[in-house]
Amino acid sequence: MTDSSPPVDEETESDPAAIPEAEVETLHGSAVTYSNDQTVLHPNKDGYHDLVEALKDEGYGVCIDLCGADYLGNETRSLPLTVLPERFELVANLLDVHDSRRIRIRVQIAETDPSVTTITDIHPGAEAMEREAQDMFGLVFEGHPDPSPILLPDDWQGHPLRKDFSMGRIPVQFKAVDGR
Amino acid sequence: MTTLDHLRNRDAVLRMSEKEAEERASVVDPDDERMIINMGPQHPSTHGVLRVTMELQGETVLRSKPVIGYLHTGMEKTAEDLTYLQGPTNVTRMDYAAPLFTELTFSLAVEALLELEIPDRATWIRMLMCELNRMSSHLLFLATNGMDLGAVGMMIYGWREREEVLRFFEKVTGLRMNHNYIRPGGVAADLPDGWREDIQNILQVLPERLEQFDVLMTGQPIWRERTQGIGVITTEEALALGATGPILRSTGLAWDLRRAMPYLAYDQVDFDIVVGTYGDTFDRYAIRLNEIRESMRIVEQCIEMMPEGPYRTEDRKVTPPPRARIDESMEALIHHFKIFTEGFKVPPGEVYTAVESPRGELGCYLISDGGPKPQRMHIRAPSFVNLQTLPHMIHGGLLADAIAVISSIDPIMGEVDR
């Protein structure tokens, strides 16, 4: 999305249903936008799992990348009119190796309820990436087979890639080794 | 049975916390011969600080789990505090065996957001340098893979050949590793005088040396015994687990981004995609060995087809003014100062770019909020995702074979942990 128009006007934010659905292009019930020639889908949180499943049947058989993003303080994000902006986003890139095409999914995730259904039952390869997003942003993946920290220490407090987690906030202490 | 059910029912991944493992170790059950051990993080064959927790029955590996994060330094967070011009210095330290690829994918992402066209010569220099880097990375793999499997002499040979390439890199970029050479807008410097001869020298020596490797390893019965049929993975499993690069190609699927979704000028050069048949450790080894030969073909074509012209964009928004102008013009000096202190602004938006690194799909997801620093920079590291195939490949095999399989994944821990 390279246009710099403001993301959503006030009216939309209060009442998304007021926008006629026909004006927004959809695929499997999710709004479609194009960003630098790349197709982006914007499902709501509840429809995310079904969308990934439907896309898999369509040929997008590989979950090539999955990461979180924190839009705290970013006023320049542009979203389709039917999508309510939230603080966090879950971004999944799917790949179709038979037709050589990609599609991206951006799910809005609220700060107050950072949980979303896991897609590891559809793409087992998303397991490590979901664990990383959980470490870095505190997103909770419901039904994840192994929700333990992957990159951070087990006793780490906080989620480093959140925008309100400043650099150098926690001095890194190496664990003391007994007898040395 | 579908691949998904198969992966699930195989029960190859050890999902157990350390505490649980400790509790289990204290319970003595004479009928239960399983035990859980750690391999690494300080083990010569784990390529850095990879720890693998394994459940063993005798010498057979049952379930296992790669434990990572020892090298995590928050590079994605650091990237949010660096301007787009400083960005490559950060990302180049991720995959330290193939640093130019991370610089490339980052630069492509920034250029996509800027909608910036780069000159032809910059594109071809990038391609030339990346293919040389693919060669040096695969040579490093041959060295460590040989050493892991007992061909210790191979370590010396692989390192020697890699050194030839690194010497050329030093001449071009000033550094043997972590070059910061590919930058948004082009490359940092033009190729030095005599670069053709330097590369010709490398290309002349290598084919003969690669044949020596064939004698030393490929055709050797002990080598074949240790690698053939070990760590087998199918195409469906590799795709489900998100594996790319030589691991995916070893299963017989000719998936290479250079061919499938061409970037730079890969649609103008002639090369073959090397694929395997059985998806075993030997296939992954052979693919990398032969990819060196294919990269050499591309490098030869780069030498022939290298266009003349500027090596970075003339767009003054991202490129500092030439050194000579700074002495004459106050405006040029201010411009130079601004670019290096404040950086250039990138229009708001988000983009995902991907290149084929020696390890698989190397992606960069970049979000700009319109400022001079990225709002979010995420690197899709192939090693990080490829490591997920490890438990499935070593399940049911011998402990000694696990070493061969870890080596054949060729993980670079700097990229895994970022």
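**Reading a predicted complex**

Tutor: Start with strand β7(B): nine of its nine residues are buried, so β7(B) is largely enclosed by the rest of the structure. A residue is buried if 20 or more other C-beta atoms, placed from the backbone, lie within 10 Å of its own, exposed if 12 or fewer, and partly exposed in between. Helices (H or I, at least four residues) and strands (E, at least two) are DSSP runs, numbered from the N terminus.

Tutor: This is a predicted model, in which local features need pLDDT of at least 70 and side-chain atom pairs count only at pLDDT 80 or more, while totals for chains, interfaces and linings use all residues. Residues are numbered from 1 along each chain as its sequence is written, and chains are lettered from A and ligands numbered from 1 in the order in which they are written.

Student: What is the average pLDDT of each chain?

Tutor: pLDDT is the predictor's confidence in each residue, from 0 to 100. Chain A averages 80, with 79% of the residues scoring at least 70. In residues 1-17 of chain A the pLDDT is below 50, and this stretch has 28 contacts in the model beyond near neighbours in sequence. Two residues are in contact if their C-beta atoms, placed from the backbone, lie within 7 Å. Where pLDDT is low, the predicted coordinates should not be read in detail. Chain B averages 88, and 99% of its residues score at least 70. For the complex, the predictor gives an ipTM of 0.85 and a pTM of 0.89.

Student: Which strands pair with β7(B), and in which sense, parallel or antiparallel?

Tutor: Strands of a sheet pair through backbone hydrogen bonds, either parallel or antiparallel. Here, two strands pair if DSSP finds at least two bridges between them. β7(B) pairs with β6(B) in the antiparallel sense over nine bridges, and a hairpin of two residues joins β6(B) to β7(B). One bridge links Ser357(B) to Gly360(B) in β7(B). β7(B) also pairs with β8(B), antiparallel over five bridges; there Ile367(B) has Arg376(B) as its partner.

Student: How far apart are the end C-alpha atoms of helix α7 of chain B?

Tutor: The expected span of a helix is 1.5 Å times one less than its number of residues. The 22 residues of α7 (residues 152-173) of chain B should therefore span 32 Å, and the end C-alpha atoms are 31 Å apart, which agrees. Buried residues of α7(B) include Glu161(B), Val165(B), Phe168(B) and Val172(B). An α-helix has 3.6 residues a turn, so residues three or four places apart point the same way. The buried residues of α7(B) pack against α6 (120-148) and α8 (195-218) of chain B.

Student: How many residues of each chain are in contact with the other?

Tutor: 40 residues of chain B are in contact with 34 residues of chain A. Among the elements giving two or more residues to the side of chain B that touches chain A are β6, β7 and β8 of chain B.
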